[in-house]
2 protein chains.
Amino acid sequence: VTAVDATEAAALLQAAREGRRPALARLLSMVERGGDDAREAGTVAHPLGGDAYTIGLTGAPGSGKSTLTTALCARVRRDGDRIAVLAIDPSSPFSGGAILGDRVRMGEHALDDGVFIRSMATRGHLGGLALATPTAVRVLDAVGFPWVVIETVGVGQVEVEVAGAADTVVVVVNPGWGDAIQANKAGLMEIADVFVVNKADRAGAADTVRDLEGMLSLSDIEGPRPAIVSTVATDGSGVDELWEAIADHRRRITEDGTIVERRRRRIETELSELVAATLAQRARVAVDGAGFDAAVGEVAARLTDPWTTVDRLLDGSA
Amino acid sequence: VTAVDATEAAALLQAAREGRRPALARLLSMVERGGDDAREAGTVAHPLGGDAYTIGLTGAPGSGKSTLTTALCARVRRDGDRIAVLAIDPSSPFSGGAILGDRVRMGEHALDDGVFIRSMATRGHLGGLALATPTAVRVLDAVGFPWVVIETVGVGQVEVEVAGAADTVVVVVNPGWGDAIQANKAGLMEIADVFVVNKADRAGAADTVRDLEGMLSLSDIEGPRPAIVSTVATDGSGVDELWEAIADHRRRITEDGTIVERRRRRIETELSELVAATLAQRARVAVDGAGFDAAVGEVAARLTDPWTTVDRLLDGSA
């Protein structure tokens with residue numbers, strides 16, 4: 001892992017735009033690493049962004065998200081569009097750039113240049129997923145993917161927020177009342193634009209649809225009700241209907257202009273996270289090392305007060 | 001509530017040092033308000049600090065902390081020393097400067113100029129108790145109290161830490177095995193320099209002493225074992241022994257020099273908290289108002305990238 005400078009990042013992006021996948025993979029590894037590397041990758045990609053449309057796809061572990069994503073990729077390819085997937089799963093054994101993991105995920109699309117699937121892991125560094133995801137989307141957008149799926153496990157606040165910030169948010173549940181309840185508890189009810197009852201060939205699927213309808217009718221969500229689609233991702237049943245529901249939602253938010261507001265809010269969140277991460281980094285530097293030890297000694301000896309000391313630690317005046 | 005400037009703060013401190021209690025109360029209200037007011041009060045007090053010795057006193061709600069504190073005040077007064085108490089209880093109906101609440105607490109000491117009891121509440125502002133407490137101690141120190149008791153409810157991380165940062169930490173439990181277990185869970189075991197089994201006239205007091213001894217013998221705390229003292233705060237039984245245990249601990253940490261390290265760690269914590277609070281304030285300013293809205297618009301329009309924008313928001317260059 002070595003730092004990549006701006007010139008190199010620009011060269012990688014150019015290569016990725018020409019279809020070279022290793023270059024794209026390297027750019028996304030820079031994004032995963034965060035900090036200056038993510039900044040370089042994001043800065044070269046940002047002005048080249050077009051209008052990639054993002055689909056957030058989230059749900060409980062085991063709900064069939066990745067099978068559904070693969071089926072969506074096949075559906076999109078039928079129209080000839082290219083599609084990229086960011087698969088974010090903190091419990092995944094595949095860390096960033098894990099070629100094997102992504103190859104397994106690619107499955108039927110492994111030989112198709114129109115599909116790009118990437119697992120993302122951003123353990124430990126500041127801002128983590130909340131910062132890496134929009135920058136990874138920026139890179140995929142600049143490379144020319146018109147569709148980007150952001151697939152997250154629907155547990156954990158950050159994971160839910162990351163998928164929930166997409167243009168269209170798909171929440172996957174399975175037959176069984178408990179699943180709808182869990183989705184509600186995890187805050188998935190508020191973010192869903194489309195509900196999918198996947199594994200709809202199992203017992204209780206119709207009940208789950210009715211449960212969802214009931215919960216939606218009790219909720220006070222503004223605007224049109226989310227669509228509810230039943231799928232069997234493993235055999236492709238209902239995937240066309242899911243794609244229609246996503247397209248309907250896209251049409252609606254484009255026509256009524258709420259897509260502009262959605263994207264604005266996404267940038268607001270990203271800038272707030274970036275402010276917090278930048279300041280947290282400054283805080284770490286301020287309370288670390290010999291300068292801080294000396295400052296503690298001066299306050300203890302009453303040579304200076306804590307407030308003056310902290311101003312000095314943060315603003316670097318000696 | 002109006003802001004107080006540095007000259008006023010200095011005048012208030014001078015008056016408080018001459019024994020004027022309303023001036024002292026006003027300074028502590030400034031500390032409670034946090035921000036610039038706390039800074040003014042702390043800055044004038046800091047260089048005038050002497051060597052007030054702090055006693056943290058904590059335990060579950062209802063364990064008799066305030067009665068014990070009152071008894072300790074009486075004990076200290078027998079030696080002619082002055083003593084101040086900061087009573088920190090987030091569930092208390094008495095907010096900062098609540099004259100009635102503090103008068104009730106004063107009780108037998110209401111007419112005694114050598115005892116000062118103050119409830120502290122620091123709802124909502126950044127850093128809260130962790131910043132207000134050392135600054136309040138600083139003010140009481142500058143006013144000339146050689147003893148300051150910091151009384152907190154031993155539930156909640158901040159409350160435990162605030163009492164646990166004192167020179168000598170007294171943990172109050174009551175008869176009954178559950179209480180010792182709870183104290184252990186709440187992290188009180190690690191911070192105790194002296195254990196008090198209060199309400200020791202109740203059934204099970206001897207068992208509780210034995211339980212504490214057992215837990216201490218199983219623990220891997222470094223240094224000498226904490227003393228265990230049994231008291232009945234309501235009739236004063238055992239209070240002399242408690243005072244002796246505190247004095248013993250003071251003697252020991254003064255002789256072996258660990259008091260210097262304790263106070264150094266306290267300042268480290270305070271400076272870290274102040275760094276965090278200062279940066280959090282800067283973050284709030286950065287993401288608020290017209291400048292932020294304009295920045296979001298520029299990023300959305302791809303006129304500038306998020307990183308350049310955040311640098312500009314934080315460092316003010318236009």
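## Salt bridges across the model

In this predicted model, the count over all chains comes to 38 salt bridges. Six salt bridges are found across the interface of chain B and chain A. One of them pairs B:D311 with A:R39, whose closest N and O atoms are 3.0 Å apart. B:D311 belongs to helix α14 of chain B and A:R39 to helix α3 (residues 35-45) of chain A, so this pair joins two chains. B:D311 counts as partly exposed because its relative accessibility is 29%, a value between the limits of 20% and 50%. A:R39 is likewise partly exposed, at 26% relative accessibility.

A salt bridge is also formed by A:D311 and B:R39, with the closest N and O atoms 2.9 Å apart.

## Extent and composition of the interface

The contact between the chains takes 43 residues from chain A and 43 residues from chain B. The size of an interface is often given as the accessible area lost when the parts come together. Between them, chain B and chain A bury about 3900 Å², and 69% of this area is on carbon and sulfur atoms.

Polar contacts also link the two chains: between chain B and chain A, 18 residue pairs are in polar contact, with both residues at pLDDT 80 or more. On the side of chain B that touches chain A, the elements giving two or more residues are α3 (35-45), α6 (128-143), α12 (258-286), α13 (290-300) and α14 (306-315) of chain B. Of these, α12(B) gives the most, with 13 residues. Sorted by class, this side of chain B has 19 nonpolar, twelve polar and twelve charged residues.

## The largest nonpolar core

The largest nonpolar core contains 34 residues, and A:L271, A:V275, B:L271 and B:V275 have the most contacts inside it. Two or more residues of this core come from each of α12 (258-286), α13 (290-300) and α14 (306-315) of chain A, together with α12, α13 and α14 of chain B.

Leaving aside residues up to four places away in sequence, B:L271 touches A:F292, A:A295, A:V296, A:V299, A:P306, A:T309 and A:V310.

## Charged pairs within chain A

The side chains of A:D51 and A:R263 form a salt bridge with an N to O distance of 3.5 Å. A:D51 lies in the loop between α3 and β1 (53-59) of chain A, and A:R263 lies in helix α12 of chain A, so the pair ties together parts that are 212 residues apart in sequence. A:D51 counts as exposed because its relative accessibility is 57%, over the 50% limit.

A:R138 and A:E270 form a further salt bridge, the closest N and O atoms being 2.8 Å apart. This pair links distant parts of the chain, with A:R138 in helix α6 (residues 128-143) and A:E270 in helix α12 of chain A, 132 residues apart. Both A:R138 and A:E270 are buried. Salt bridges that share partners also join A:D51, A:D167, A:R263 and A:R266 into one network.

A:D37 is placed in helix α3 of chain A. A:D37 counts as buried because its relative accessible area is 9%, under the limit of 20%. The side chain of A:D37 makes a polar contact with the side chain of A:R33 at 2.6 Å.

How values were computed
Residues numbered from 1 in each chain as written. Chains lettered and ligands numbered in written order. Predicted model: local features only at pLDDT ≥ 70, side-chain atom pairs only at ≥ 80, totals over all residues. Heavy atoms only, no water. Contact = heavy atoms within 4.5 Å. Buried area = accessible area lost by both parts, 1.4 Å probe. Salt bridge = Lys/Arg side-chain N within 4 Å of Asp/Glu carboxyl O. Polar contact = N/O pair within 3.5 Å; in protein donor to acceptor, adjacent residues only side chain to side chain. Helix = DSSP H or I, 4+ residues; strand = E, 2+ residues; numbered from the N terminus. Nonpolar A, V, L, I, M, F, W, Y, C, P; charged D, E, K, R; others polar. Core = buried A, V, L, I, M, F, W, Y, C linked by side-chain atoms within 4.5 Å. Buried < 20%, exposed > 50% of the residue type's maximum accessible area, 1.4 Å probe, protein only.
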